[in-house]
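Reader: I would like to learn how to read the packing in a model of this kind, one feature at a time. Could you take me through it with the structure in view?

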Amino acid sequence: MINNEQEKKSVMDAILKGERDLVNTLLDDYAASRSYRTAMNEVLEPVLEEIGSRWTEENLSLAQGYIAGKVAEDLLMKIHNAEKDTAAKQAAKVPVVIGNIEDDYHSLGRKLVSVFLQSAGWQVYDLGNDVTAEEFVDKAVEKGARVIGVSAMMYTTAENIRKVRDELDRQNLSGKIKLAVGGAVFKLRPELAAEVGGDGTAANGFQASQLFEKLWEESLREVPL
Amino acid sequence: MTSMERVVAALQGTNSDKRAFTMTLSLYGAKLTGCPLTEYYTVPERYAEGQAAVADQCRPDIIFTPFALALEAQAFGSEIVFLTKDPPNVKKPFIRNPNEIGKIRVPDIEQQEGLLYLRTTARLLVEHFRGTVPVCGVLTSPMDLPAIIMGVDGWLEMLLFDREKTGTMISLMSEYFVSMANSMFDSGINFLAMPMMFTNPRLLFEKTIVEIVIPALAEMFGKLKGPIVFHHGGNPLAGYLQHYLSLPNIGGFVLDSHDDFSEARKTVGQNMLLLGNLDGPSLGKISPADAVEKARKILDNRKEDNHFIFATSSADVAWYTPMETITGIYNLIQHCGA
């Protein structure tokens, strides 16, 4: 069993205080005798889980959540650089596709989801803002993704998510490719997820990985490899 | 007593014939007059007709100018969308990246269409109510406006990591906000209400609030020609009020529906006006009887508090809220002296 409670506590405290540089130093120190990936797996990931719980309990500010996303992004960049051309980077990662639906430009949540999914080991294809249903589905088919994550902030843009469901149906991919939906409007109206054709939603970005895992497993059950 | 006298009594803490009350019925006026929202939020006369209908049928003691914050973002270049049963919203922020801050220009409040609409509406409401019902102007907080000009992520990134650009952004917001707010006071509004989000520890670090936000707001608020009602902006406020007491021109605080008035009183003292805390947007999701019961509990809780105005918290009362709910609350208020 790894005894790194002090390191996790220090990282958590620094995130809560908004000390991004200090978090990076702490993780650099931890990685020095191990690796950045180890620092992610053994320190930051458990801290992010705790951050997610605090978010769910409304015991975390937006800025604290944002800093958590930034430090995760910083560490992912270091992992990327350290593992360039190595077998570790080539190791099979599970691809997923995410983006903001057509006409939606509210990207904060989607960016955090992207970082937290990558931290949890997913290969994320982030298509950005204002993504059409065809673009989502075509990219998922191209990359072999079994989950598409679509974000919308407003009710009017959330309604466009139906087009992704329609496109999946049109290409006979529903069941094989699952549709995760998220964004502020789904927090206010959870029933909307099903109304727009979503297969599931999460209360916040920190829980996205759990949702994607669940949907991925459902996909494999319904349409095995 | 007129509504104006009732609201002044609440400000002064003196007795009135009944409890002053208001609901955020900015949007609801369009429902009462059957006005399409594309007209309601672009033609000042249509909005004023809607609020006249609100006054006739719902009889609140405070009338609001349009709760349409997106119009200010539009004035800075953001793309907005008009909805059929909600106020306009920002579809696409003007810039995405803090490095594009040089593109932002302070709009001309005498020329820009949306701002002219807001200013003209304020003037029409003041003319219509002629001092019998207070008119409350509604504007976006100058610390929140950047979030709808450049996106929440862009503004957070700037606030947390780039003091220089944050300073530039605050200067731009200050130039706009002070002139826009004072033009509304010149039109005769009695006070200005602002939902305050990037001012609250639920969004920002306390050190950001103390070091950046409060000094900036203090400078801007100090230049205003009238009082401000500090609105919770969708976040709990009671536990954080100590941060805002030193701000100039604060006339009162609107609390969140989850806030505890007693906790707020401990911080602000007995003489500060408090408003709220019946959640407005969710009123349509409960039965009229349940809404009245919620209102009754709040009124019972504050029955000894003369510096209290019963009001809805959060955003507009939703379109689908039954009129029966609003009249039920009004009828309840008739029996509540203050």
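Reader: How many residues of domain 1 of chain A are in contact with domain 2 of chain A?

Author: Please keep in mind that this is a predicted model, in which local features need pLDDT of at least 70 and side-chain atom pairs count only at pLDDT 80 or more, whereas totals for chains, interfaces and linings use all residues. Residues are numbered from 1 along each chain as its sequence is written, and chains are lettered from A and ligands numbered from 1 in the order in which they are written. Two residues are in contact if their C-beta atoms, placed from the backbone, lie within 7 Å. Here 13 residues of domain 1 of chain A are in contact with 10 residues of domain 2 of chain A. The bounds, 5–87 for domain 1 and 92–222 for domain 2, come from an automatic or database domain assignment.

Reader: Which helix of chain A gives the largest share of the side of domain 1 that touches domain 2?

Author: Helices are DSSP runs of H or I with at least four residues, strands are runs of E with at least two, and both are numbered from the N terminus. On the side of domain 1 of chain A that touches domain 2 of chain A, the largest share, eight residues, comes from helix 3 of chain A.

Reader: How do helix 6 and helix 12 of chain A pack?

Author: Two packed helices are described by the angle between their axes and the distance between the axes. The axes are lines fitted to C-alpha atoms, for helices over the stretch in contact, and angles run from 0 to 180 degrees between N-to-C directions. In chain A, helix 6 (residues 108–119) and helix 12 (residues 208–222) pack at an angle of about 65 degrees, their axes being 9 Å apart. That makes helix 6 of chain A roughly perpendicular to helix 12 of chain A, a term that covers 65 to 115 degrees. Val113(A), Phe116(A) and Leu117(A) of helix 6 make the contact with Ala208(A), Ser209(A) and Phe212(A) of helix 12.

Reader: In what order do the strands of the sheet in chain A stand?

Author: Two strands pair if DSSP finds at least two bridges between them. In chain A, five strands form an open sheet in the order 2-1-3-4-5, with parallel pairing. Strand 2 (122–126) and strand 5 (200–201) of chain A stand at the edges with a single partner strand each, so one side of each is left without a neighbour in the sheet. Five bridges join strand 1 (residues 94–100) of chain A to strand 2 of chain A, and Val96(A) has Val124(A) in strand 2 as its bridge partner.

Technical notes: Angles under 35 degrees count as roughly parallel, over 145 as roughly antiparallel, 65 to 115 as roughly perpendicular and the rest as oblique.
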